[in-house]
Protein chains: 2
Amino acid sequence: MLRKRDRSERLSLSRQGSNTAPPAIAWLMSQALAHPDLISLAAGFTDNDFLPVAEARELVERIFGESERARATLQYGPGVGVTRLRELTAGRLERQDGQAPGSLDPASVLVTNGSQQLLYILTEALCDPGDLILVEDPTYFVFLSIMQSRGIAARTVPMCPDGLDLESLDRVLDRLRREGELPRLKMLYSVTYFQNPTGISTSFEKKRGTLELLRRYEADAGHPLYYVEDAVYREMSFPDSVPAASALALPEFRERIIYTGTYSKPFATGVRVGFGLLPSFLHEVAFNIKSSHDFGTAHLLQEILVEALDTGIYDRHREKISRGYALKAQAMVEAVTEWFPPEARFTRPEGGLSMWVELPQTIETGPESSFFGETMRQGVLYVPGEYAFADDPIRPCPRSSLRLAFGNTKTERIRQGIERLGAALRARC
Amino acid sequence: MLRKRDRSERLSLSRQGSNTAPPAIAWLMSQALAHPDLISLAAGFTDNDFLPVAEARELVERIFGESERARATLQYGPGVGVTRLRELTAGRLERQDGQAPGSLDPASVLVTNGSQQLLYILTEALCDPGDLILVEDPTYFVFLSIMQSRGIAARTVPMCPDGLDLESLDRVLDRLRREGELPRLKMLYSVTYFQNPTGISTSFEKKRGTLELLRRYEADAGHPLYYVEDAVYREMSFPDSVPAASALALPEFRERIIYTGTYSKPFATGVRVGFGLLPSFLHEVAFNIKSSHDFGTAHLLQEILVEALDTGIYDRHREKISRGYALKAQAMVEAVTEWFPPEARFTRPEGGLSMWVELPQTIETGPESSFFGETMRQGVLYVPGEYAFADDPIRPCPRSSLRLAFGNTKTERIRQGIERLGAALRARC
């Protein structure tokens, strides 16, 4: 990849600079750009047609209609986040979790540039190169590339239909203890609603069980073991789904829970505002790092969200797109049912933007595989499942799964794409 | 500062997490909040009255008036930055530098969350803990806190009225070579227009001289030595000032120049958009790190700047505020001339948001000093100059200077504040 004259430049780089690779997804996106006729079931984008154009226009008109408010919005806001947005966020989570008003402290909220920035900052605050994070197997591939660039190693925990397999988690923790590796472990990272990529949602009991297990191993770790609940898709639930409460509803574990969420995906990805709730000590550390990154998330974006939440525009929009995505998911499930061979196992999405398909192990799906090449020639792009599996010496990397996104592809194109994938699969089964 | 129960939490932290302190300025801001009657000459904020309320309203109406454009703006943009904004930025710099159209490649532009994010990413891309950066003495204190949190050491180079003292730079580089430290040196950081805190602008010849010196030591370093030209205040020049060309006008050094700038300060700090121009190899590394941070700067903010630049609204606003800040700076200089004792030496600002005053060494100005305490009791807040001096074993930290900001304080209050500071100073001279 690197040209020759770049060799000396490489010698300037830090360890992180050397380790940072283009995200795997960047290669897929370049394929999509190079082949504009491709049916992309790869990008985790939201649907352009579902974007709140009229709503956003109304919101900015409201903000700019009040001269003093407009003025304040164009100036720096508090680096930690706009006070009203932090209050609205805490109140919203209390209601979603069925907790009493006041049970969450708005001071625990930190506003960030999408929840991704908070994930990044957490790895900075907690992990030195060589440290360990426990991840779901499979997990969100962007988090894996953050870990890789920062020299953090993963240990994987298999998934059940309702979240982590707690017996496996216990075994993994026990092995780390026996090997003297627990002091290097800092956190467990879990995408708890409509997980990317599997679509699995974690039950409330599993969240409690995970926290109990982590607590049991803390003495041997010599420090807190944090539970990072990434709730990025929580507000992307379909109308019939009943999402479980978050770990924040377990106040006895509050000091070990880091909750991350976002307003970008449900509302508008071009208005990037995420947030986290952190124990007070970590909140201070993360805020200080955020201050070094950028001195705070842009005030204008935060005010747009404040106005959207305060007026109910956000929630009305969320309900509308929820029905839209449910229909697209249903179309994809029906097409997969019709066209894929019976050997393919898949999850029926209840939220989020994608579904997960496991194929017989004889069919490899990686970017170098003959299957990937053939489907590209057929004009369909998917995310190879192997991108979502961390390197872990305890198991070979699974190579026979697909992530199929329905977010930003029209229903008719979804059907066509699945039909073509199905034909390629049937020829191999 | 830490409560007892936080002791075990500290053990989870990474080296960076442990090293990251609240920015020095945070303490000053908390003082300002705790004493609302205080005349703050501390914050480097822009003037609320100069914010482009009507202009921003017009810009968002234009964007949201076109349905397709509004839709695109509410979706993710390219992670590297909006194409049109990168073109406008390259073209603008060509004109400012008197270079031919096409001499700067828009592909070298990376859009970031303010230029601060780019500075942060550069330290990540190039520096491991223990590495070195050459900084001006004094320098931008936020950059010093980024370095401190990341375990990067500073070596200082004294300033002349037209930029770095090149003989001193040569001596510093030579000492690093003799001590075998050059391989740890990665870059020289310079704020080249109306430097924060001194107000000094670097001449074009000094930029060339700096690049020539750095090149001469590269063989002993074993890798490129980058020149980071932080041009954050370039567009905050006063009407009579004639800013020098940037280092980008030296194409023979292009592969060693990292140029950073921002649209936030001249336009609206609540619309945070900065940028950098980087050599192609480093651009790729910085872009990959940026992708890990946040997947790209919010599309809406970038479109607002595109529209502002394309319509000329940005430039008209810039000219207007340029006159406004010049008048405020003049009022501050007149007040300092009238009220400060003749022993005080100061610079006459030609741009930017602050001025710099050096006092006799018998008067210490640090946050623990009796002078600071007295001026606080008199209701005036300034930034102690020592915040802007890096730790460097080769000289004691200067402790007798002040940074006085005129950005967001009304003229009458500026005069009052200077009068009170002057009274406290005269009592000591």
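The contact takes 66 residues from chain B and 67 residues from chain A. Please keep in mind that what we are looking at is a predicted model.

Let's stay with that contact for a moment. On the side of chain B that touches chain A, the elements giving two or more residues are all helices by name: α1 (7-10), α2 (15-19), α4 (53-65), α5 (67-74), α7 (114-126), α8 (141-149), α12 (280-294) and α13 (299-311). Which of them gives the most? That is α12(B), with eight residues. If you sort this side of chain B by class, you find 30 nonpolar, 26 polar and 10 charged residues.

Now, how do the two chains sit relative to one another? Two copies of a chain are related by a rotation about an axis and a shift along it.

Next, let's take a single chain and look at chain A as a whole. Chain A has 16 helices and 14 strands. Its C-alpha trace spans about 65 × 55 × 55 Å along the principal axes. For 429 residues, a compact globule would have a radius of gyration near 22 Å, and chain A agrees with that, because its own value is 22 Å.

Chain A is also divided into domains. Domain 1 is made of 6-51 + 316-426, and domain 2 covers 77-313. Their C-alpha centres lie 24 Å apart. Between them, 36 residues of domain 1 of chain A are in contact with 37 residues of domain 2 of chain A. On the domain 1 side, the elements that give two or more residues are α2 (15-19), α3 (24-34), α14 (313-339) and β11 (354-358) of chain A. The one that gives the most is α14(A), with eight residues. The residues on this side divide into 16 nonpolar, 12 polar and eight charged.

On to the sheets, and for these please turn to chain B. A reminder first: strands of a sheet pair through backbone hydrogen bonds, either parallel or antiparallel. One open sheet has eight strands in the order β2-β9-β8-β7-β6-β3-β4-β5, with mixed pairing. At its edges are β2 (109-112) and β5 (163-164) of chain B, each pairing on one side only. Inside the order you can find β3 (residues 132-137) and β6 (residues 185-191) of chain B, which run parallel and are joined by four bridges. Across that pair, B:Ile133 stands opposite B:Met187 in β6(B). Helix α9 (residues 166-178) of chain B packs on this sheet, touching β3, β4 (153-160), β5 and β6. The direction of α9 makes about 155° with that of β4(B).

The other open sheet I want to show has four strands in the order β10-β11-β14-β13 of chain B, and here the pairing is antiparallel. β10 (345-346) and β13 (383-384) of chain B are the edge strands with a single partner each, so one side of each is left without a neighbour in the sheet. Between β13(B) and β14 (residues 401-405) of chain B there are two bridges, and B:Pro384 stands opposite B:Leu402 in β14(B).

Last, some backbone details. Most residues other than glycine have a negative phi, and most peptide bonds are trans. Where does A:Phe194 lie? It is in the loop between β6 and α10 of chain A, and A:Phe194 has a positive phi of about 45° although it is not a glycine. The loop between β6 (185-191) and α10 (204-216) of chain A also holds A:Pro197, which is joined to A:Asn196 by a cis peptide bond with omega of about 20°. In chain B, the peptide bond from B:Asp137 to B:Pro138 is cis too, with omega near 5°. You will find B:Pro138 in the loop between β3 and α8 of chain B.

Notes:
Residues are numbered from 1 along each chain as its sequence is written. Chains are lettered from A and ligands numbered from 1 in the order in which they are written. This is a predicted model: local features need pLDDT of at least 70, side-chain atom pairs count only at pLDDT 80 or more; totals for chains, interfaces and linings use all residues. Domain bounds come from an automatic or database domain assignment. Two residues are in contact if their C-beta atoms, placed from the backbone, lie within 7 Å. Ala, Val, Leu, Ile, Met, Phe, Trp, Tyr, Cys and Pro count as nonpolar, Asp, Glu, Lys and Arg as charged, and the others, Gly among them, as polar. Two strands pair if DSSP finds at least two bridges between them. Axes are lines fitted to C-alpha atoms, for helices over the stretch in contact, and angles run from 0 to 180 degrees between N-to-C directions. The radius of gyration is taken over C-alpha atoms; the globule rule is 2.2 Å times the number of residues to the power 0.38.
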